[in-house]
Amino acid sequence: MQRISRAVAAAALLAPLAAAGCAENKPEAAPPTAMPTTSPPPIVPLTSQVAQKAFGTYIIDEDVARAAGDERLALTWTSDGQSLLTAAEFRKAAFDGDPVRRFSYGKPKLYVPKLKPDGYPQWFVASVNRSVQGKPKSDRTAFMAFMLRGPSDRWRVTMTTLLSPKAKEPKVLIDPEGYAEGLGTDDTSVLIRPRDVGGIQATIAAEGGGSVAAKVMRPGPVTTGYYQQAKRAKKKAKEKDLTLQVVYTATPYPYFALRTERGGGLVLYSLFRNTSLTAKDPATPKPEIPPEAEHLLEGTVEGNEIDTTAMLHFAAFDPPRAKKGRPQPKAALVADDGAIAKAATPPPRKP
């Protein structure tokens with residue numbers, strides 16, 4: 001018994017030492033394996049060849065998406081305001097039971113600004129003859145602004161606008177190397193700073209030909225014409241005991257400005273047109289859904305109000321500032337396109 005007790009006691013004494021020995025002999029943990037690093041994609045300078053490839057890729061992939069009626073695929077090649085218009089167009093085609101429009105393109109004129117080699121975003125403008133497939137005499141000159149926001153992104157069309165039938169296309173200045181000149185946002189060599197062109201148009205659309213802004217921009221269908229159009233629509237709504245509000249506002253989307261020959265500028269930009277048609281008196285019948293917005297609503301008006309937002313794209317010729325003592329030409333809208341892109345019928349407001 002004494003032998004067994006002694007053996008147990010010895011084992012008890014040796015156990016901590018054995019454990020310590022095992023701990024000392026335990027191999028060290030291997031250091032964590034470093035994750036492989038991936039180098040950023042190379043920066044490709046913008047050249048006319050790069051622009052040509054981007055344009056060619058777009059028109060092929062756009063047609064594939066439209067032929068298949070694949071809205072998601074079509075949207076991967078657009079951004080900003082053009083995405084809103086593309087989504088609305090697919091929705092209208094589905095609502096009407098028609099195929100989505102497909103386009104045919106001619107040979108483009110590419111206006112590629114000389115940018116910093118490592119600068120982003122990169123952009124260029126294409127002027128190209130475009131027609132709707134299956135529709136004779138639908139040829140129009142389209143201005144298309146392409147943008148690449150970073151080296152890992154793809155080239156996308158951010159806006160398209162169509163030259164007005166009676167307008168002449170401004171001649172963009174091209175240097176001996178084939179590059180165009182981009183205008184800065186605050187360039188004062190032109191009559192209206194490029195960043196202010198949209199605001200001038202919106203002011204005339206809101207106030208008409210008597211506006212101070214009308215002193216620097218010509219009257220026309222999308223300036224004073226918008227004002228007259230809204231005035232008639234408001235009168236018509238009032239006759240039905242409805243109230244119509246029409247407001248033109250700037251968008252958060254980019255604009256593009258290029259130097260034209262003789263010192264002017266070609267400016268591409270966008271505006272929102274927000275409308276609200278309201279029946280203030282509960283006894284008044286609810287407003288009817290405008291035909292151009294039916295595809296964006298469920299066919300019924302839940303409350304007593306219909307709100308719409310149109311996405312509008314424009315191109316304007318911004319003349320050079322006249323020298324002292326010479327008459328100053330006004331800016332002129334030369335291209336426009338757009339449609340209602342959003343619509344809503346808010347529920348009745350609680351008193």
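## Charges over rings

A charge sits over a ring if NZ of Lys or CZ of Arg is within 6 Å of the ring centre and within 35 degrees of the ring normal. R130 meets this rule over the face of F103, at 3.8 Å from the ring centre. The charged end of R154 sits over the ring of W77, 4.4 Å from its centre.

## Basis of the values

This is a predicted model, in which local features need pLDDT of at least 70, side-chain atom pairs count only at pLDDT 80 or more, and totals for chains, interfaces and linings use all residues. Residues are numbered from 1 along each chain as its sequence is written, and side-chain values use heavy atoms, with hydrogens and water left out.

## Aromatic pairs

Rings of Phe, Tyr and Trp (its six-membered ring) pair if their centres lie within 6.5 Å; planes under 30 degrees apart count as stacked, over 60 as edge-to-face and the rest as tilted. This rule gives eleven aromatic pairs. One of them joins F103 and Y105 edge-to-face, with 6.4 Å centre to centre and 65° between the planes.

Ring pairs also link F55, Y58, F103, Y105, F124, F146 and W155 into a cluster. F103 counts as buried because its relative accessibility is 6%; buried means under 20% relative accessible area, exposed over 50% and partly exposed in between (1.4 Å probe, protein chains only).

## Chain overview

The chain has six helices and ten strands; helices (H or I, at least four residues) and strands (E, at least two) are DSSP runs, numbered from the N terminus. Of the 351 residues in the chain, 41% are buried.

## Helix 5 and its surroundings

Helix 5 (residues 197-207) and helix 6 (residues 224-239) have axes that come within 6 Å and cross at roughly 35°. Axes are lines fitted to C-alpha atoms, for helices over the stretch in contact, and angles run from 0 to 180 degrees between N-to-C directions. On the helix 5 side the contact (heavy atoms within 4.5 Å) is made by Q201, I204, A205, A206 and E207, and on the helix 6 side by T224, Y226 and Y227.

Buried residues of helix 5 are V197, G198, I200, Q201, A202, I204 and A205. Their cover includes helix 6, strand 6 (243-250), strand 8 (265-278), strand 9 (305-318) and strand 10 (332-344). Just after helix 5, G208 takes a positive phi of about 85°.
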